[in-house]
Amino acid sequence: MSYNYFLGCVIPGRLPFLEASARRTFEKIGIKVGDQAKCSCCPDPTGAAQLDHETFLALGARNLCLFEESNNNILSLCSGCTESLKMVKHILDNDDEKKNEINLKLKVIGKTYKGDIYIKHFAEVLHENMEKIKEKVEKPLKDLKVAGHPGCHYLRPSEIINWDDPLNPKTLDELIEAIGADPIEYDMKNDCCGNPVEKSDKEISLSMLESKLKSMKEAGADCIVCVCPACYQQFDFNQREINKNKNTDYNFPVFYITELIALALGIKTEDLGLNFHRIKVNEILQKIP
Amino acid sequence: MSKNLKRVMVIGGGIAGIQASLDLAERGIKVELIEKNACIGGRMAQLDKTFPTNDCSICILAPKLAECSRHPNITLHTLSEVKNLSGQPRNFNVKIFKKARYVKEDECINCGLCIEKCPMRVDDEFDMKLRKRRAIYIDYVQGVPSIMRIDRKNCLLFTKDACRICEKVCEREAIDFDQKDEELELNVGSIIVATGYDIFDPKTLGSLGYGRYPNVVTALEFERLICASGPLDGHLKRPSDKNDPKKLAFINCVGSRDIKNNPYCSSCCCMYTTKEAMIAYEHDNEIDTSIFYIDLRAAGKGFREYIQRGCDDYAIKYIKGKVAKILEDDQKNPLIVYEDITTSQVKQLKFDLVILATSMIPKKDAGNLAKILGIKINDFNFFKANSYQPQISSKEGIFLCGACREPMDIPSSVVDASGAAAKAAEIVMRG
Amino acid sequence: MQMVDFEFRKELIKDDFSLNYCYQCGTCSSSCPVAFITNGEYNPRKIIEQSLLGLKDLLLKDQKPNVWLCCTCQMCVEECPQNVFLTEIFERIKNKIVLLGEPYPETFKMQAKSIIENGLAIPLTQPIIRRRDQLGLPNVESADISELKKLLDATDFEKKIKILEESK
């Protein structure tokens with residue numbers, strides 16, 4: 001069974017250039033991924049999903065049904081969507097009573113959740129194809145010190161995500177290594193970027209971001225790499241905010257891992273929309289042969 | 001035809017196995033003591049002091065080691081492992097695999113000349129890899145039997161067909177590279193398993209930084225660091241910069257009482273962290289120690305008072321709150337993030353050295369030995385003991401004692417060993 | 001005075017019982033990045049303690065600690081030595097706050113509204129659609145809003161949120 005993209009809300013609606021890098025990368029390594037029409041918000045596991053459990057399950061299940069109908073597995077471009085959809089699937093697949101309840105709701109729109117597709121985070125699929133990526137690297141990103149930020153929903157809760165080690169994540173760093181860059185160790189690697197708290201308390205959110213940035217700086221990072229649009233926003237949009245308030249000078253370019261892979265695979269920068277980054281990436285681009 | 005052999009095999013030469021052997025030998029029963037390492041002594045030999053008396057561990061142990069080696073009723077088989085078991089109670093047939101020592105046991109007088117000249121430097125397992133040993137060595141200074149062994153994996157003769165220096169310098173001509181591994185068969189009436197325990201590897205708990213941060217060590221490493229015969233000759237220094245640590249933190253229940261790792265309580269840590277803090281204080285009165293705990297399980301006689309003494313006489317701070325996260329500052333000082341549950345405040349505290357009280361876990365090869373002996377293991381991979389007579393294993397004629405059946409401290413292991421010895425004797429003494 | 005509400009406690013425990021296993025060791029608060037930044041004012045262990053005690057008003061009305069500050073990083077869930085699914089219990093508490101019409105952060109409400117109106121938390125705006133074009137990205141065919149509305153009505157979502165507006 002092939003994959004269709006689950007784009008989510010943030011990427012298509014705010015950061016389409018990240019989507020471009022993902023599509024170009026998957027094309028280049030020869031993995032065909034289709035488009036899935038009519039998806040709604042996953043819903044956001046840090047937001048709307050927290051308001052009503054039943055609605056969370058119903059909305060998530062509807063999205064899963066769409067893929068079941070088109071007979072495709074889900075390739076999600078966002079860690080939050082991945083967690084939500086995996087969580088809904090986990091709950092419904094393990095609780096028949098709940099599944100029947102939700103199917104009763106889905107009936108009003110003529111859908112039934114069966115549970116016969118699976119969900120993968122895009123980086124999980126990239127990691128599975130790491131050898132292919134290595135073969136196709138044209139411009140290894142030598143001497144680039146990358147602070148990988150795996151983020152939370154990419155890993156946890158491990159019982160549901162069922163992927164990388166939730167406390168000692170390795171996969172993102174392995175992908176960074178695969179394109180010739182140097183994944184650095186830093187103290188706060190496993191910590192949350194702070195984005196979700198922004199909804200309740202901006203100050204706390206920025207403090208969380210700042211302690212991450214501090215730790216990355218101490219470790220000598222050139223740039224930050226993430227695999228979730230929420231983290232991406234937090235890093236790319238809010239470094240300046242911190243500099244303004246705290247008299248610091250953080251200026252790390254922020255990449256989606258697909259952007260770095262695309263660059264290493266020799267995909268043209270114009271095709272990636274790197275100019276849409278708030279923190280300019282030119283210095284990093286100059287390091288690439 | 002079944003003859004009853006007045007002979008017992010004890011597997012494991014730690015404090016439990018030693019005590020069981022001595023008890024049996026004193027009753028006139030022949031003992032075959034099987035030890036995997038080159039010397040007997042086990043974990044207790046690695047400890048600096050023992051609680052609740054704070055006696056020197058090796059000082060208590062050494063006379064027993066000596067007694068074991070010279071007791072006419074005890075035959076010591078070092079570098080040996082059990083490979084097969086057949087027969088039945090009162091007449092077991094055991095196959096033992098004995099690795100070659102490459103040193104003649106009757107000739108070596110432990111003069112140490114060979115050690116001085118051996119060119120190899122290898123991690124010393126007895127000292128928790130905190131220093132190097134040579135390829136010819138004795139496990140530890142007071143080790144019994146008090147003779148050298150050559151470690152085949154690292155000896156240049158075996159790896160590169162070169163060297164032979166030890167052979168040249170040995171005045172007793174004790175080196176014998178022609179020794180071969182042997183298989184021997186023993187007939188015994190009953191068996192005592194006393195194989196002890198391993199230490200949980202805290203590397204798997206990424207958030208504590210063990211393995212990443214030099215100044216985060218395990219409790220057993222700390223025992224070696226502070227021990228007079230250890231790698232620092234008893235002058236406690238922290239690994240990163242060899243400075244005297246002034247602020248110590250102990251973290252209890254590392255890997256224990258944890259469904260994701262070891263659900264059981266390791267039963268000794270509340271006490272031994274207090275002991276280690278006391279020893280540290282005795283070395284240097286300026287040392288200021290905090291012990292982070294979930295609950296203080298000080299259930300033995302005099303144990304609660306011991307912890308009270310820790311508070312009153314050794315200025316130990318007991319902080320209720322399990323530590324899940326350690327960071328490090330640019331001076332390599334560990335920073336502990338914890339909640340002080342009495343105030344609900346979450347804080348970060350800087351320490352010079354952090355010691356992890358890692359859980360006691362079953363021996364890595366416990367499952368394998370269980371298969372060979374035909375005994376059961378329990379849910380946690382310790383040997384399964386009878387609920388009401390815990391020295392009884394799942395198989396008639398085979399008994400258990402010490403930490404191989406569940407985590408326990410030294411006094412309990414000794415009691416357990418005497419119990420197992422009595423049970424094992426019962427079988428061989430019966431007509 | 002805080003009253004113990006056994007019914008509330010029972011509802012939080014629900015049928016998975018993981019809450020019952022908490023032995024108050026503090027691993028969660030030690031691993032929680034928000035607890036760290038707020039010096040324990042936000043404190044997951046305390047939320048669990050109060051849940052175990054059934055301190056309904058403290059959790060739902062006073063919101064002390066404020067459960068909305070959970071960043072859902074799931075570190076506590078991952079580190080908990082007793083496998084307590086803390087974030088699931090927090091979700092139940094949040095659901096109850098919403099249902100009771102107690103105040104909660106405006107941004108959550110706005111996101112919910114956007115989903116009701118657009119099917120998406122972030123609607124596709126004209127400039128973004130142009131930018132997508134520029135990048136050679138395909139059109140996003142959004143969910144049918146009337147279909148979504150039917151589903152959301154089936155779960156009473158709007159009503160659950162409206163309760164809140166009425167109470168104001």
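Q: How are H1(B) and H11(B) oriented to each other?
A: In this predicted model, helix H1 (residues 15-26) and helix H11 (residues 410-429) of chain B pack at an angle of about 40°, with their axes 8 Å apart. Axes are lines fitted to C-alpha atoms, for helices over the stretch in contact, and angles run from 0 to 180 degrees between N-to-C directions. Angles under 35 degrees count as roughly parallel, over 145 as roughly antiparallel, 65 to 115 as roughly perpendicular and the rest as oblique. H1(B) and H11(B) are therefore oblique.

Q: How many nonpolar residues are in the contact of H1(B) with H11(B)?
A: Residues are in contact if their C-beta atoms, placed from the backbone, lie within 7 Å. H1(B) contributes residues including B:Ile15 and B:Leu24, and among those from H11(B) are B:Val414 and B:Ala421. Ala, Val, Leu, Ile, Met, Phe, Trp, Tyr, Cys and Pro count as nonpolar, Asp, Glu, Lys and Arg as charged, and the others, Gly among them, as polar. Beside 3 polar and 2 charged residues, the nonpolar ones number 11.

The numbering and confidence rules are as follows. Residues count from 1 along each chain as its sequence is written, while chains are lettered from A and ligands numbered from 1 in the order in which they are written. Local features need pLDDT of at least 70 and side-chain atom pairs count only at pLDDT 80 or more, whereas totals for chains, interfaces and linings use all residues.

Q: Which element gives the largest share of the side of domain 1 of chain B that touches domain 2 of chain B?
A: By an automatic or database domain assignment, domain 1 of chain B covers 7-99 + 181-196 + 363-429 and domain 2 covers 113-169. Their contact takes 16 residues from domain 1 and 9 residues from domain 2. The elements giving two or more residues to the domain 1 side are H2 (42-46) and H3 (57-70) of chain B. The largest share, 6 residues, comes from H3(B).

Key: Contact = placed C-beta atoms within 7 Å. Helix = DSSP H or I, 4+ residues; strand = E, 2+ residues; numbered from the N terminus.
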